[in-house]
Structure formats: C-alpha cells, structure tokens
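Trainee: Please help me read this model one question at a time. I would like to start with a term I will need.

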Amino acid sequence: MARALFPWGFFRKPLYVQCDKYRKGVIDGSACSSLCDKDTLYLGKCFTAKPNSQVYSGSWGDLEGVIKCQMEEAPHYDLGSEMEPRKEGVAFNKPTKGTSVEKFRDMILSHLKAKVGDQANLAELAIQVLSIADANKDGHISLPEARSTWALLQLNEFLLALVLQDREHMPKLLGFCGDLYVMEKVPHSPLYGIRLPWIIELWIPTGLRRSMDLWFTPSWPHKAKISIGLLELVEDIFHGPFGSFLMCDVSANTFGYNDRHDLKVMDAQYIVPEAIFQENIRQQRCDVDEDCLYGMDCLTSCDLTKHRCTPEVARPNLAKACEALKHYILRGAPSDVSDELEKQLYACIALKGSAEQMEIEHSLILNNLKTLLWKKISHTKDS
C-alpha cells in the first residue's frame with residue numbers, strides 16, 4: 001500500500017482514492033504503479049488545508065517533486081458561469097468505452113479550442129496530449145490512461161504546463177495518476193520573503209511584514225535575472241502559439257525560482273485563457289466594477305446599462321508584473337541604473353487597457369526593461 005510521511009488519515013485520502021480507482025481499472029498513469037504498488041512515491045508535508053485542492057511535497061525515487069490532487073471539486077471561477085465547473089469528485093467517465101484514438105483526439109481538439117480559442121497550432125498541442133496519455137509508452141492509449149488525461153485537461157495548471165513545456169518558466173510535469181499529478185520541485189519559494197507559522201503571522205503588522213519580506217531576497221543581480229524571467233513569462237503568454245492567457249494573481253506566492261535563479265510558476269490556477277475568461281465574465285451580473293473581479297488582479301468594468309461585466313481587463317499582465325516587481329527590484333539597485341529603472345517601472349505600471357489595444361507601447365516598455373536589466377548583469381557571473 002502507498003504510504004505517506006504523516007499519520008493523519010484525512011490527508012492520506014488522495015492515496016486511497018487514487019489507488020482504489022487504479023486497482024479497479026478506472027484510471028492509470030505513469031505515477032500509479034509507484035504510488036500504489038511499488039511504494040516509491042511518497043507524500044510529505046501538506047501545503048494546504050483545502051479539502052478540494054491538496055498540495056504536498058513529495059519524493060519519487062531520486063526526484064523531489066510537488067504532488068497536487070483535486071478532491072471534492074475542481075477550482076472554479078467565482079462568476080455566474082464558471083470556467084472550471086464545480087463537480088462532486090471526478091467521475092472519470094470520459095471518454096466512454098469503445099472510443100477510438102481518432103475520436104479521443106477530436107475530443108481533445110474541441111476541448112482545447114473551447115479553452116484557448118481557434119489557434120493554428122491546436123493539432124500540435126493535441127498530439128502532445130496524446131503522447132502524455134500513453135503513460136507507459138507502449139504505443140497504445142488504454143481507456144484508464146485516456147480518462148486520466150481527460151480529467152487533467154480540465155485543470156488550468158495542466159493546460160499551462162503543456163503550453164509552456166518548452167519554456168523554462170513552468171515546472172516540468174513528472175507524472176500522473178488519475179487527476180493526481182507530480183510537478184518538478186521549485187527549490188525557492190515564494191518569490192521573496194519568508195514563510196512563517198500562521199500564529200506568528202497574526203501578530204505582525206502589515207507594514208512590518210512587507211519590510212521583512214524585502215529583507216529576505218537574493219542579491220540584486222540575482223533579483224534582476226528573476227525579474228527578467230517574469231517579464232519573459234508575460235511575453236510568452238501574450239499572443240503565444242496557443243493563444244493569450246491572463247495573469248489573475250501576480251503575487252509573490254505565485255512564483256518561485258530555482259538554483260540558477262530562473263523564475264518558475266508555483267501556482268498556475270489563476271493564469272487563465274483569455275478567450276474563456278472573456279466569454280464567461282461577460283455573463284456575470286454586476287452593480288459595481290468590483291463585482292467584475294476574478295482572483296486578485298483581473299478586473300473589468302461594469303456596464304450599468306446592462307448590469308453585465310465587460311470582457312476587457314482594466315490592466316494588462318505587464319502592468320501587474322511591474323507592480324509586483326517594483327519594491328523587489330528597486331531595493332538595492334545600483335545607483336547608475338536606479339533612476340532609469342524606477343522611471344521605466346512606473347511607466348509600465350501606468351499601462352491601462354488590454355495589451356492588444358496598446359501592443360506597440362507594451363512591447364517597447366517590456367523590451368526596454370529587459371534590456372536595462374540584462375545590460376547591468378550580462379558581464380557578471382550571476383547572469
């Protein structure tokens with residue numbers, strides 16, 4: 001039986017649920033045997049107490065990873081029409097018995113089109129999904145493998161991992177079993193600051209907490225490289241080969257970095273396809289603009305003539321990224337770049353409207369910031 005590194009039965013539920021379905025032939029995946037038979041995939045510290053979306057540290061043989069599992073219901077948008085619909089557990093009933101690989105491929109294509117829009121490279125992305133679905137690499141996709149892959153496709157983070165798999169910003173997918181999946185461990189998180197026990201957090205004033213966070217950061221050249229990584233992520237998900245995505249939580253906890261100081265996305269739940277966001281938020285009823293907020297950072301305006309939210313976000317991804325980096329990168333900046341850096345950051349933060357409406361200005365500011373930072377660190381070993 002698969003075992004965990006902690007004694008509490010409640011938090012071992014993902015193991016029992018997944019392994020029961022695996023043994024009954026309902027699900028399969030590259031991590032199932034290690035989790036349920038070989039006893040080589042261990043769940044360690046639990047990072048969240050949410051029963052519906054559990055995250056653990058873990059080890060898989062010689063690999064360190066992060067294990068994620070959806071339990072009672074999938075993450076959903078707090079909108080009238082949800083983008084990741086509520087559901088009581090995952091039924092693992094699609095595709096149905098007798099579905100051909102060609103039909104499964106068509107299902108995947110239709111789903112991807114609904115998620116990211118009618119992009120030119122969707123067929124290529126569908127082939128990647130089929131490759132992942134063949135978990136044991138025997139050249140065939142079994143029904144349990146197909147059902148596990150279909151369940152994973154409903155999750156934003158899995159979709160983004162596919163879209164960015166050739167880029168350095170997203171941790172690698174190491175394996176899966178049903179909708180439980182293992183991602184590469186990111187050694188350093190959050191982006192800055194320290195994690196404290198919640199009982200201590202209660203007694204620390206917000207201003208002091210913010211100052212403490214900024215004390216615990218890497219050297220400035222390393223911060224510059226990490227900041228460039230965030231700017232490159234903004235670039236990658238804007239008009240990428242599989243459509244545009246919106247960053248709806250650009251906080252320190254969403255990101256981390258590795259030992260080479262490459263930025264990594266820690267939690268992609270709130271990085272959402274723009275097409276599906278716009279389709280759903282325009283159906284949201286509203287009385288004030290604040291009714292049109294998703295996550296921390298995706299705000300549109302309320303059309304009071306219709307009492308419906310408008311589809312365009314108030315601020316582009318780049319402005320939100322610059323806001324997050326402002327204190328982080330200005331603190332300790334070399335004197336010969338600090339003034340110019342501050343000027344460019346505030347010009348970036350001031351960007352309004354969608355990136356499409358100001359594509360030239362958006363690209364100019366992004367490239368200027370990257371160039372300024374690269375020039376300062378390119379001659380150092382830290383780059």
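Mentor: Contact means heavy atoms within 4.5 Å of each other. Helices (H or I, at least four residues) and strands (E, at least two) are DSSP runs, numbered from the N terminus. This is a predicted model, in which local features need pLDDT of at least 70 and side-chain atom pairs count only at pLDDT 80 or more, while totals for chains, interfaces and linings use all residues. Residues are numbered from 1 along each chain as its sequence is written, and side-chain values use heavy atoms, leaving out hydrogens and water.

Trainee: Which residues of H6 meet H4?

Mentor: Start on the H4 side, where Leu125, Gln128, Val129 and Ile132 take part. By class (Ala, Val, Leu, Ile, Met, Phe, Trp, Tyr, Cys and Pro count as nonpolar, Asp, Glu, Lys and Arg as charged, the others, Gly among them, as polar), the contact has six nonpolar, one polar and no charged residues. The partners in H6 are Phe158, Leu162 and Val163.

Trainee: Are H4 and H6 roughly parallel or roughly perpendicular?

Mentor: The axes (lines fitted to C-alpha atoms over the stretch in contact, with angles from 0 to 180 degrees between N-to-C directions) come within 10 Å and cross at roughly 110°. Angles under 35 degrees count as roughly parallel, over 145 as roughly antiparallel, 65 to 115 as roughly perpendicular and the rest as oblique. H4 and H6 are therefore roughly perpendicular.

Trainee: At what angle do H11 and H13 pack?

Mentor: H11 covers residues 317–330 and H13 covers residues 359–377, and their axes are 12 Å apart. The two helices are roughly parallel because of their packing angle. That angle is about 25°.

Trainee: Which residues of H13 make the contact with H11?

Mentor: H11 brings Leu318, Cys322 and Ile329. Together with their partners they divide into seven nonpolar, one polar and no charged. On the H13 side, the residues are His362, Ile365, Leu366, Leu369 and Leu373.

Trainee: Which helix gives the most to the lining of the second largest cavity?

Mentor: A cavity is a set of points on a 1 Å grid over the protein atoms alone where a 1.4 Å probe fits but cannot get out, and lining residues have an atom within 4 Å of a point. H9, H11, H12 and H13 each supply at least two residues of this lining, which includes Ser227, Cys322, Leu341 and Leu369. By class the lining has eight nonpolar, one polar and no charged residues. With three residues, the helix that gives the most is H11.

Trainee: How far apart in space are Pro311 and Asn280?

Mentor: Pro311 is in the loop between S13 and H11. Beyond its neighbours within four places in sequence, its contacts are Phe277, Gln278, Ile281, Arg282 and Thr300. Asn280 is 31 residues away in sequence, and the C-alpha to C-alpha distance is 8.4 Å.

Trainee: Which residue is joined to Pro95 by a cis peptide bond?

Mentor: Look in the loop between S3 and H3, where Pro95 lies. The bond has an omega of about -5°, and the partner of Pro95 is Lys94.

Trainee: What phi does Lys137 have?

Mentor: Lys137 lies in the loop between H4 and H5. Although this residue is not a glycine, its phi is positive, at about 55°.

Key. On a 1 Å grid over the protein atoms alone, a cavity is a set of points where a 1.4 Å probe fits but cannot get out, and a pocket is an open set with protein on both sides within 12 Å along at least five of seven lines; lining residues have an atom within 4 Å of a point.
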